[in-house]
Amino acid sequence: MNAHTGEARPAPARGPYDAVVVGAGHNGLVCAAYLAKAGRKVLVVERRQQVGGATTTEEIHPGFKFSCCSYVVSLLRPWIIRDLDLPLYGYEVLPLEETFTPFEDGSYLLRDSDPERTKRAIARFSPRDAEVYKQFGQKMAELGRLVKPMIDGLAPDPLARNPFEILRLAKFARHVRGQGEEWLIGNVKMMTMSAVDFLSEWFECEQLIAPMSVSGIIGTFLGVRSPGTAYVLLHHYMGEIDGSYRAWGLPKGGTGAIAEAIASAARALGVEIRLGAPVERLLMKHGRAAGVVLENGDEIAAKVVVSGVDPHRTFLRLVGEEHLEPDFAQQVKRFKMRGSSGKVNLALDALPEFACLPGAGPQLRGDITIAPSIAYLERAYDDAKYGAFSRRPFMDIVIPSLTDPTVAPPGKHTMSIFVQYAPYKLKEGAADWPRQREAFGDAVIDTLAQYMPNLPGRILHRQVLTPWDLEQVYGLTEGNIFHGELSLEQLAFLRPVPGWSRYRTPIGHLWMCASGTHPGGGIMGAPGALCARTMLHARAV
Amino acid sequence: MPIPSPFHERTSKLCTSFRWKDWSGYAAVSSYDTTHEREYFAFRESAGLLDVTPLFKYEVHGPDAAALLSRMMVRDVSKLKIGRVGYSCWCDDYGKVIDDGTVTRLAEDYYRVTAADPTLYWLQAVGRGLRVTIEDSSARLAAVALQGPRSREILRAASDADLDRLKFFGATRARLDALDVWITRTGYTGDLGYEVWTDSAGALRLWDALVDAGRPHGIEPAGLDALDVSRIEAGFILLGVDYFSAPKVILEARKSTPFELGLGWIVDFERPTFPSFIGRDALAAEAARLKRGTAAAAGWAMVGLEVAWEALEALYESFSLPPSLPATARRDGLPVYDDDGRQVGKVTSHTWSPILKKYIALTSVHASHAAPGTILQMEHTVEFERRKVPAKVVKTPFFDPERKKRP
């Protein structure tokens, strides 16, 4: 699991490099691998002592390995898995099929891969919804499939004037027209409605709407009733289209194993990865990027620099405002980061039990969603709006050790809790997070203990990651897990700055390859691969 | 009407899906849950526990036990050391394969044979006049396969066997929850794994002890659907699916020699004590032809095929569909063609491999098309239309983890 393994080899000859990639996150690594595959000489410099960025597995308690940040994989592109031969390097995805939602009144809903069982479970709340549920999934998969080309290619850009772009737009328009009215209406609704409103057009029971709506808010500073959140639901269904590829699931060995697999593939292609090498700033020559300057003063020259860090960090820190047009700098600043979530990772002595459904069955081995009602979720958002963490937050929980015994000692377990909302900007200021960190952790455990009374007694170790920690430790500006909110106004040709969605930047020889670019965040790899492809196509390197 | 195995009291309670199939007259679980996926991943990530009692089992005792089995098997099992298992097949006079299985040497004059089909008649026929007793222990012995990376730790906790010294294809006696058992480091998943053999009377205790010891390691009961995917990944052929038993077929063309099944490596012509084995002359002639290269044009070869995913995706895209494959391993034979559209072979088993993320197939092709890297066209039906997708010949096993043989 240790990234040092690759460093044990004799140091390859240094420079001159065709490209230096800043940050060994999964996108930086994917980009580097594709560039190396095309014969370019690539160096990746990483601040931390391990690869992966937020795609990381860390042994924070002896014998317990955690996907500290990202914890499931859903959208890693199958063509990237194929191109880079990732299964050969240890990429494995294990099934994660159940979704369990306990409610405050002691009832619960368990959905799984067996449609009939799921239908019966939903029918206890609404026989009508039970019937519609499958149709809904089908419809979403259909919508998702038609939107999917968007995430596997460049974003159509109406701002661009060149003939190729107009051709591309015309093609897209034809594609849209070909889908018929219903599809268009469905899409416009998705783009404009809130997750709850959209789901309410299909379902009547809140026990279904509440846990389903949270897919629309993950990683955003929005509530389930905020307009625009319906669209994000679609991303959830896109992972399922890759069907047999099992895009959706638990990565074996934690998400860090994905980064390790990509890093191994990259090294095999000749990429050099230097760990513990924080970049202080870009090396600028005649207003263009010419390499990077490390914090220790080393200068590394390269024909191009590819930034694998978020847009804020790229432009406001590495480049520096003095090199930017004021207008562009302003737009970068407007790009919303505002992290809204945290992580609590628990090492457990034994499995906890739900009061509503005791035992160690399917209720524990899938996805556990603490989203008992719409009002609950809205109240959680209310806290955040006024600069506090949610006293009763929305949580998305997995216990990876139940499916992947390699991450915990026999009989012991790891629990990963994604928590929303935890606004980066507390009313006392972001710097107050270290003082509030444990109180935040307590709120999470207290809330969970309502459903799992024996949980607190089984905790061996607790790691609390607030947005502040995500920024300090992982370099995610304002703790935003997607390098900038995945809201409609920050997607496609608008990501990260209108006119600059094609991985290029106003700084010559500087490119962007990470989640802050199209098609966005999550362990998808598409930004990294599309960036490399665009660079090669443009003969930029 | 299949009968219950000695583990039925446990397996039937766990099999909530009611998905059973007939395996040699026993009711055997296809998958405990509605899909076999968790069970498959147990084989590959933790440990799967599979009831293999329906295998046919024979005990061969006596001073001539080695002589009998060496005469019957293409492998010289008289060379097996005590506490070793050998995989072998056996042929008719014409060198055509009857069945395949394992032979375990439990003592100097005591062997245990497993087979896919009933074999008592053949053992008795070959052993006529020899000083042996042959017992059909199929019903007397219960057996489970414990397969997966955690299987060793589980057995270590459950038994007193010295597992660190039990090598790949080794066999040892052990005590397990006060039961006398034999443990062999064998299996049909191509992974680290063991098979445990004991008297049927102790079956439930064996099951319970393994499940208890396995709980902290994520043990899962596993059925035949998960096994089928695993064995294709491991490149293991199956009687009645990938080849047919010579005495049971009418057409000569349906019979196979060990060389045609990729089992040439076990044929042992060097017999110091027993100059001949059944089918020797025919196989020696074939081996000689192979050496001269003349059989290459006529014979068959068992190979692996990897379907080109991009082409499959493009094929489905032409129907405006996302690619979809059957959820389970399939045994429907599919024709395989060369570039000129001539049929050069048949796919006999195929599956999506969740761990390799590839669509793979065991395929019997003309030896002239068996070289690794050869591109063939495999039939694939989409929306009731028969089409072809390119597939590449590769070496088997498709999946071969280092842990399988690790000391």
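Q: What share of the 407 residues of chain B counts as buried?
A: This is a predicted model, where local features need pLDDT of at least 70, side-chain atom pairs count only at pLDDT 80 or more, and totals for chains, interfaces and linings use all residues. Residues are numbered from 1 along each chain as written, with chains lettered from A and ligands numbered from 1 in written order. Buried means 20 or more other C-beta atoms, placed from the backbone, within 10 Å of a residue's own. For chain B that comes to 50%.

Q: What radius of gyration does chain B have?
A: Along the principal axes, its C-alpha atoms fill a box of roughly 60 × 50 × 45 Å. The globule rule, 2.2 Å times the number of residues to the power 0.38, puts a compact globule of 407 residues near 22 Å, with the radius taken over C-alpha atoms. Chain B agrees with that, at 22 Å.

Q: How many residues of domain 3 of chain B are in contact with domain 2 of chain B?
A: The domain bounds, from an automatic or database assignment, are 57-137 + 237-285 for domain 2 and 299-394 for domain 3. Contact means C-beta atoms, placed from the backbone, within 7 Å. Nine residues of domain 2 of chain B meet, on the domain 3 side, eight residues.

Technical notes:
Two residues are in contact if their C-beta atoms, placed from the backbone, lie within 7 Å. A residue is buried if 20 or more other C-beta atoms lie within 10 Å of its own, exposed if 12 or fewer, and partly exposed in between; C-beta atoms are placed from the backbone.
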